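Student: I am new to this structure and would like a close look at one part of it, the side of one chain that touches its partner. Could you take me through that part slowly, and then set it in its surroundings?

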Protein chains: 2
Amino acid sequence: MKILVCNDDGIFSKGILQLASSMSEIGETTVVAPDDERSATGHAITLHKPLRIKPVNLPKLNIRAFAVDGTPADCVKIGYDIVMERDVDLVISGINRGPNLGTDVLYSGTVSAAFEGAILGLPSIAVSLVSYDSDDYVFAGKVAVKIAEKLMEHGLPSGAILNINVPAVPEKEIKGIKTARLGVRRYAENYIKRLDPRGKPYYWLTGEAIDDDMANGDGMDTDITAVANNYVAVTPIHFDLTLHSYIENVNKWFQHSNKIDI
Amino acid sequence: MKILVCNDDGIFSKGILQLASSMSEIGETTVVAPDDERSATGHAITLHKPLRIKPVNLPKLNIRAFAVDGTPADCVKIGYDIVMERDVDLVISGINRGPNLGTDVLYSGTVSAAFEGAILGLPSIAVSLVSYDSDDYVFAGKVAVKIAEKLMEHGLPSGAILNINVPAVPEKEIKGIKTARLGVRRYAENYIKRLDPRGKPYYWLTGEAIDDDMANGDGMDTDITAVANNYVAVTPIHFDLTLHSYIENVNKWFQHSNKIDI
């Protein structure tokens, strides 16, 4: 099995080194990742400048690795097309420093890299550790291997990926794996107004995440609830944002619309 | 009705001036938009620096307007919280220069601004003109008004917005409004390899959009097909990426998983 490993924290971050090491236990692993941190870039792709591919040595690992001066999605694209010459069986992105839960996945470079894999028609996974402070990615690497094996065994529908979030607690406190839906994470936000030294106002966003999972049921079935209860959350996600259940409904609004009505 | 108008092309782009003008026919309109072009920023939000709000005069329009040195999503957030003091009935974003069709909506600053409205619990619309060359946003403005009125009349489920794409053809060639699903836009891509003056390689992405809408049915029901046939495409979209139909299936993969199995 040929595995393409990517991330958005940069090629020398601890999370990707662990992921590359773990994945090399089950397949021929190649790392193609941004040369620097590219988190919160969403699904950007570089069109207006060329990209460079630079071979790098990963510390203590004997794994082929290439740094690219582009976004996570660029890395998957160019890793697939040029580095691995379209011979890829699995794309896996991470291990992200910090969670990618609920509606926040829309912002995530890590998840976008996995979606890019899905756009290329490949089985793809995003893995995140639910902590900005922990340096211990070993258990999350084990989880990634286990779930990757399950994905290769069972497959997913076209366009779908798995989004994995691993709680940052000691392994013995992990309760198991929970298949979840994305929760809804809102922010209790407001802007603090301050005056600069010249007396002019500026505004700084403040506020905390509120996990508003009650929208559908009791919220017990979300990824946010799962990791809060020390479960590894596995969420099948896809990139079709269409609210299919409502197309027919909206259609009725315009039933008599033609060019004269507009 | 109090209307917040935003975009991602910047506050002085032709599309937002037309949208502000059109919306002012049906409500008290306020423009809060980026001080410069912010397209392809996705759903980024500014956390690590403060924002400035600068009142501006829009050419030939008597409409309140404010430029913000942030992303489209920032503009909606700060427009709602500070400028309009949380007294907003409708958020509308655009008129974007160029299409926001199919899977490309994931990259769009215009669509993200509308999603930010939905996160705030407000009826929200994104409007795009399917041309990078046309300067004529008048008809798209009329369409925006008509569809905004329908949205205010009927409403949408929580978290959903309308994504509108208007063909850039003479009004008399428009066939009507079609409610659509998002198509799948893939790119027939490859990287061209060239050598720089020092003999080192660089890679440039090339390729054309391929509209791969046959994934579900015959593709006649997508936004891409609708605009290609001179219909205004109206697509209800939402930000829940969960592949709900597959949760139970994935769950079976892990039915015997507990901490010992991992």
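Tutor: Let us begin with the contact between the chains, where 65 residues of chain A are in contact with 65 residues of chain B, two residues being in contact if their C-beta atoms, placed from the backbone, lie within 7 Å. On the side of chain A that touches chain B, the elements that give two or more residues are α2 (72–83), α4, β8 (176–179), β9 (185–195), β10 (201–211), β11 (231–238) and α6 (247–253) of chain A; helices (H or I, at least four residues) and strands (E, at least two) are DSSP runs, numbered from the N terminus. By class, the residues on this side of chain A divide into 37 nonpolar, 16 polar and 12 charged, where Ala, Val, Leu, Ile, Met, Phe, Trp, Tyr, Cys and Pro count as nonpolar, Asp, Glu, Lys and Arg as charged, and the others, Gly among them, as polar.

A word on the source is needed here. This is a predicted model, in which local features need pLDDT of at least 70 and side-chain atom pairs count only at pLDDT 80 or more, while totals for chains, interfaces and linings use all residues. Residues are numbered from 1 along each chain as its sequence is written, and chains are lettered from A and ligands numbered from 1 in the order in which they are written. The model scores ipTM 0.85 and pTM 0.84, and chain A averages a pLDDT of 89, with 90% of its residues scoring at least 70; pLDDT is the predictor's confidence in each residue, from 0 to 100.

One of the elements on that side, α4, also packs within its own chain. Helix α4 (residues 138–154) of chain A packs with helix α1 (residues 14–23) of chain A at an angle of about 45°, with their axes 9 Å apart; axes are lines fitted to C-alpha atoms, for helices over the stretch in contact, and angles run from 0 to 180 degrees between N-to-C directions. That angle makes α1(A) oblique to α4(A), since angles under 35 degrees count as roughly parallel, over 145 as roughly antiparallel, 65 to 115 as roughly perpendicular and the rest as oblique. The contact is made by Q18(A), L19(A), S21(A), S22(A) and M23(A) of α1(A), together with V138(A), G141(A), K142(A), A144(A) and V145(A) of α4(A). By class, this contact has five nonpolar, four polar and one charged residues.

Of the 262 residues of chain A, 51% count as buried, a residue being buried if 20 or more other C-beta atoms lie within 10 Å of its own, exposed if 12 or fewer, and partly exposed in between, with C-beta atoms placed from the backbone.

Some backbone details complete the picture. The peptide bond from G94(A) to I95(A) is cis, with omega near -10°, and I95(A) lies in strand β5 (residues 90–97) of chain A. R86(A), in the loop between α2 and β5 of chain A, has a positive phi near 65° although R86(A) is not a glycine; R86(A) is exposed, with 9 other C-beta atoms within 10 Å.
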